[in-house]
Amino acid sequence: MASRGRKIVLANQKPTVQELDELCREIVRLRDRGKCRKCGSGKQFQVAHIFSRSRRSVRFDLDNLIGLCFRHHFYWAHRSPIEFTEWTRKEVGEKEFADLRMRAYGVSKVDLSAVKIYLLNERNKYAKDKKEG
């Protein structure tokens, strides 16, 4: 039977990269309260990757994601990557940054179904924290 333009999603269907990217954005928005971690602005909130999202091992790693306004994401993080890297090292802490770097350059096989379960649990945690706070 044709769905006539409606998307049918099966419960056991492997999640798409786009679906997981959207879930990550939602979680980082909750975690960072929709504010740029550099300047505190709530305008044009975006999610930046500390290590490139081409690094599959950390693409969906919440430690690799940081909320920035458009200005700091595009005009600073992408145009001044050395300065951005130094700032993020201080922002997340030396040990955490080193651990993240090890994961970024480590194994790249990712189980998208397991990632989705992890991200849904994290979203629920941050959503609960937002309601209580």
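Start by selecting Arg-33. Arg-33 is exposed, because its relative accessibility is 69% and the cut-off for exposed is over 50%. The residue sits in the loop between H1 and S1. Now check its backbone. The phi of Arg-33 is near 55°, a positive value in a residue other than glycine.

Is Gln-44 buried or exposed? Gln-44 is exposed, with a relative accessible area of 57%.

Now zoom out to the whole chain. Keep in mind that this is a predicted model. How many helices and strands are there? Count 5 helices and 2 strands. Trace the chain along the sequence and the pattern reads α-β-β-α-α-α-α. Along its principal axes, the C-alpha trace spans about 55 × 35 × 30 Å. The accessible surface of the chain comes to about 9,200 Å². Carbon and sulfur atoms account for 51% of that surface. Of the 133 residues in the chain, 35% are buried. Next, think about contacts between residues at least 6 apart in sequence. In 70% of these contacts, the partners are at least 24 apart.

Next, select two helices together: H1, residues 17-31, and H5, residues 112-132. Their axes come within 9 Å and cross at roughly 25°. That angle makes H1 roughly parallel to H5, because angles under 35 degrees count as roughly parallel. The crossing of H1 and H5 is left-handed. Show the side chains where the two helices meet. On the H1 side, the residues include Leu-20, Leu-23, Cys-24 and Ile-27. On the H5 side, they include Val-115, Leu-119, Leu-120 and Tyr-126. Charged residues take part too, among them Glu-19 in H1 and Lys-116 in H5. By class, the contact of H1 with H5 has 12 nonpolar, no polar and 7 charged residues.

Move on to another pair. Select H3, residues 81-92, and H4, residues 94-104. The axes of H3 and H4 come within 6 Å and cross at roughly 115°. Which residues of H3 meet H4? They are Thr-85, Thr-88, Arg-89 and Val-92. From H4, the partners are Glu-94, Glu-96, Phe-97 and Arg-101. By class, this contact of H3 with H4 has 2 nonpolar, 2 polar and 4 charged residues.

Pick out Thr-85 in helix H3. Thr-85 is partly exposed, with a relative accessible area of 25%. Thr-85 and Phe-70 are 15 residues apart in sequence and 17 Å apart in space.

For the last stop, select Asn-64. Where is Asn-64 in the chain? Asn-64 lies in the loop between strand S1 (45-49) and strand S2 (65-69). Hide the surface to see this residue. Asn-64 is buried, because its relative accessible area is 0% and buried means under 20%. Now show what touches Asn-64. Leaving aside neighbours within four places in sequence, Asn-64 is in contact with Ala-48, His-49, Ile-50, Phe-51, Val-58 and Leu-100.

Technical notes
Residues are numbered from 1 along each chain as its sequence is written. This is a predicted model: local features need pLDDT of at least 70, side-chain atom pairs count only at pLDDT 80 or more; totals for chains, interfaces and linings use all residues. Side-chain values use heavy atoms; hydrogens and water are left out. Helices (H or I, at least four residues) and strands (E, at least two) are DSSP runs, numbered from the N terminus. Buried means under 20% relative accessible area, exposed over 50%, partly exposed in between (1.4 Å probe, protein chains only). Contact means heavy atoms within 4.5 Å. Axes are lines fitted to C-alpha atoms, for helices over the stretch in contact, and angles run from 0 to 180 degrees between N-to-C directions. Angles under 35 degrees count as roughly parallel, over 145 as roughly antiparallel, 65 to 115 as roughly perpendicular and the rest as oblique. A crossing is left-handed if the near helix is turned anticlockwise from the far one by less than a right angle, and right-handed if clockwise. Accessible areas come from the Shrake-Rupley method with a 1.4 Å probe; for residues, only the protein chains shown count as cover.
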